[in-house]
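Let's take a walk through this structure, one stop at a time. Have the sequence and the 3D view open as you read.

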Amino acid sequence: MTKAIIVGSTGVIGSKVKEILEGQYEVVTVNRNSGDYKLDMADSTAVENMFKEIGGFDALITTSGYGKWGSIDEHSIQDFHDGLNSKLMGQVNMVMIGRKYANTGASFAVSTGILAQHPVEGGLSLGMINAGLEAFVRGAALEMKDMTINAISPSFAKETMELMGMDSSAGVPAIEFAKLYKQAIEEGKSGEIYYAS
Ligand SMILES: NC(=O)c1ccc[n+]([C@@H]2O[C@H](COP(=O)([O-])OP(=O)(O)OC[C@H]3O[C@@H](n4cnc5c(N)ncnc54)[C@H](OP(=O)(O)O)[C@@H]3O)[C@@H](O)[C@H]2O)c1
């Protein structure tokens, strides 16, 4: 069976990705606190050790990573570093190290977010991280000729808005984002940014 690794499988979006891949894929789950492998994707040594153990795989989806939410006055320089190290470099680690172990034709799908193109107050760090990661995806796609790499850019999941105590009427059900990750790893395009319509 085709093997798919999901980093962030217990999250709002990752849990839906897991739901729709199970049955069709042999799913390997990775998180910091639970799953088949427990690690912080910012830790490149732990990431390398995990791939050595897993061996070949066909798809890698990352729905994980931290970035600070807060106003410019609430951002320290360290806050930027923390987000870059986690959401940006964590996902870059997964691709850069994972590609050495991936089967020919493997697909990678990482998570960015709407703040890359549509800034809002409070989203300074995450917008910067998302835009940087999208540039990485486009650049890597040019050179990863026997694999595909794409990004999914969620807007705001209904479930996340509910968790935050917000009015969720404009939210997109997480399952709609999950379908985009499946589409991204299956349709053979590379260097694309997928948005929920
Ligand atoms: N939800 C939204 O509305 C929304 C909107 C725009 C963009 N996004 C992006 O989409 C992705 C998924 O969002 P989400 O809301 O589903 O996240 P979430 O509910 O917070 O879940 C995050 C998942 O990733 C794991 N994780 C977090 N940091 C990790 C790390 N450093 N190493 C390994 N695993 C880690 C968590 O498990 P552990 O805690 O056990 O590690 C959890 O399974 C994120 O990159 C987020 O920025 C989400």
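Two residues are in contact when they have heavy atoms within 4.5 Å of each other. What you see is a predicted model, where local features need pLDDT of at least 70 and side-chain atom pairs count only at pLDDT 80 or more, while totals for chains, interfaces and linings use all residues. Residues are numbered from 1 along each chain as its sequence is written, and side-chain values use heavy atoms, leaving out hydrogens and water.

Start with Lys-87, which sits in helix α3, residues 77-98 (helices are DSSP runs of H or I, at least four residues, strands are runs of E, at least two, and both are numbered from the N terminus). Setting aside neighbours within four places in sequence, Lys-87 is in contact with several residues, including Met-41, Tyr-66, Leu-126 and Leu-133. Thr-112 is also one of its contacts, and the Lys-87 side chain reaches the backbone oxygen of Thr-112 at 2.8 Å.

Is Lys-87 buried or exposed? It's buried, meaning under 20% relative accessible area, with exposed being over 50% and partly exposed in between (1.4 Å probe, protein chains only). Even so, Lys-87 has no salt bridge (a side-chain nitrogen of Lys or Arg within 4 Å of a carboxyl oxygen of Asp or Glu). The nearest side chain of opposite charge, Glu-134, is 8.3 Å away; Lys and Arg count as positive, Asp and Glu as negative, and His and the chain ends are not counted.

Next, look at Glu-162 in helix α5, residues 158-163. Glu-162 is partly exposed, at 48% relative accessible area. From Glu-162 to Asp-40 it's 122 residues in sequence and 26 Å in space, C-alpha to C-alpha.

Technical notes. Polar contact = N/O pair within 3.5 Å; in protein donor to acceptor, adjacent residues only side chain to side chain.
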